[in-house]
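Work through the exercises below with the structure in view. Each task is followed by a worked solution.

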Amino acid sequence: MFSIKKTAIGKKIVKPTVYEEVSRQKRFETLVKAYSSDLYRFAYWLCSNHSIADDLVQETFLRAWKALDKLEDEKKAKSWLITILRRENARRFERKRFELVDIEEVVVEDKISLSPEQSLEQQQLHQAILALDVDYREPLILQTIGGFKTSEIAKTLNLNLNTVNTRLFRAREQLRHKLCKELEQVSGIST
Amino acid sequence: MDDLEFRKKAVIDPNSQDPKFLKKTRQSQNNRRFVEQQQSFNQQIQNTLKLSTPENLSDRIILNQQLFQHKHHTTQKRHHQWRNWLVGSVAASLILAFSLNLIFPGTQNSALLARQVVEHVKNDTHALNVQMSVPKSRIDTMLASYGGKLNGPIGQVSFLGHCIVGGHTGVHMVLQTSNGVVTVLLLPSQRISHEFMLNDKQLSGIIYPSKKGSIAVASEQIEAIEKTRQNIDQHLNWII
């Protein structure tokens with residue numbers, strides 16, 4: 001229950017009780033724990049920059065905190081947060097154009113220990129994903145990182161299902177094509 | 001499902017659980033192999049997309065939210081002060097009392113708060129009975145939500161939770177020390193002017209002013225109290 005206070009000029013302020021504040025804080029912290037990692041990955045693959053990805057996630061959660069009472073169904077939390085993040089990303093582009101990153105110069109962080117061949121293939125895949133057009137990259141990230149169904153991706157991106165299917169198909173085909181080309185080049189050099 | 005539709009589906013969603021797709025997959029060795037190839041490629045994509053994230057990301061998000069909330073409350077308070085001054089219908093003495101209340105919002109009677117702390121600790125027997133080792137990351141997150149930070153170990157924490165004492169929220173911790181079980185309550189919204197001993201038949205302890213609000217340390221073993229207090233004072237920092 002909210003306690004209603006009247007100010008000196010008679011305007012009513014709805015003030016949450018201390019119990020509501022605690023439960024709101026707990027709810028927020030649960031969301032942060034559950035989704036911050038996936039949201040960070042989504043942001044990184046969207047903007048190709050770790051520092052911007054970090055800022056985007058911080059901004060997203062701050063907006064989520066302000067609007068937490070609008071989230072009625074916890075099952076929709078992930079797509080709700082992704083919608084906020086996409087809007088925030090678009091807003092940043094409105095504010096200022098970022099410096100364009102040359103995909104070829106992006107250093108891929110080698111966090112998992114892999115064999116040299118695997119590592120090379122993963123780096124090539126990393127570059128190939130970043131080089132994908134964002135229209136193809138975004139549904140692929142939502143499907144692979146977010147675990148969204150194609151119908152959910154369509155809803156989140158405001159596209160029809162056939163368009164989403166086509167984009168997912170082309171994204172994978174382009175990646176496969178690029179990888180094959182790169183591997184051919186590598187084997188051509190080594191022979 | 002015809003062959004073309006099947007192959008397209010295998011590329012678009014190789015892990016699909018659609019019964020028609022699964023049935024078609026089982027129909028021939030070729031189909032099975034094709035789906036396996038797509039699933040393996042998908043796994044490769046997934047491994048690449050799953051970057052490791054900054055270690056303290058969630059703590060920083062919560063701290064950022066707390067900083068925002070703190071700033072927001074301060075602005076709101078200033079705004080209210082200004083509006084109240086404009087109305088000017090309140091007598092000078094009332095305005096003074098009101099202002100003092102704004103400057104020291106949580107100033108409480110130490111004795112009253114001490115009684116509330118004792119009651120809270122005695123009523124919350126669950127906290128004392130929980131036997132788990134709370135990870136440091138959870139303590140960091142909880143403290144960050146109140147604007148606090150640990151710069152060193154405080155010992156084994158067997159219970160950690162939010163608590164409400166005297167209508168204000170705080171952190172309730174139970175520590176397993178070499179001298180016995182100790183309850184620590186961090187009460188960042190409860191300012192007191194001076195320290196006060198907790199006097200009860202079962203519990204001993206102290207509540208004392210901190211940089212932010214107050215801290216209560218209580219235990220059935222009197223010798224555990226002072227050491228825990230020193231430990232907390234040494235390692236707890238209030239950032240906001």
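**Exercise 1.** Find which residues of α2(B) meet α3(B), then describe how the two helices cross.

*Solution.* Step one: list the residues. B:Lys24, B:Thr25 and B:Gln27 in α2(B) meet B:Asn31, B:Arg32 and B:Val35 in α3(B). Contact here means C-beta atoms, placed from the backbone, within 7 Å. Helices are DSSP runs (H or I, at least four residues), and strands are runs of E (at least two), numbered from the N terminus.

Step two: sort the residues. This contact has one nonpolar, three polar and two charged residues. Ala, Val, Leu, Ile, Met, Phe, Trp, Tyr, Cys and Pro count as nonpolar, Asp, Glu, Lys and Arg as charged, and the others, Gly among them, as polar.

Step three: take the axes. Those of α2(B) (residues 19-27) and α3(B) come within 5 Å and cross at roughly 120 degrees. That makes α2(B) oblique to α3(B). Oblique covers what is left after under 35 degrees (roughly parallel), over 145 (roughly antiparallel) and 65 to 115 (roughly perpendicular). Axes are lines fitted to C-alpha atoms, for helices over the stretch in contact, and angles run from 0 to 180 degrees between N-to-C directions.

The model is predicted; local features need pLDDT of at least 70, side-chain atom pairs 80 or more, while totals for chains, interfaces and linings use all residues. Residues are numbered from 1 along each chain as written, with chains lettered from A and ligands numbered from 1 in written order.

**Exercise 2.** State how many residues each chain gives to the contact, and which element of chain B gives the most.

*Solution.* Chain B gives 33 residues and chain A gives 40. On the chain B side, α4(B) gives the most, with 10 residues.
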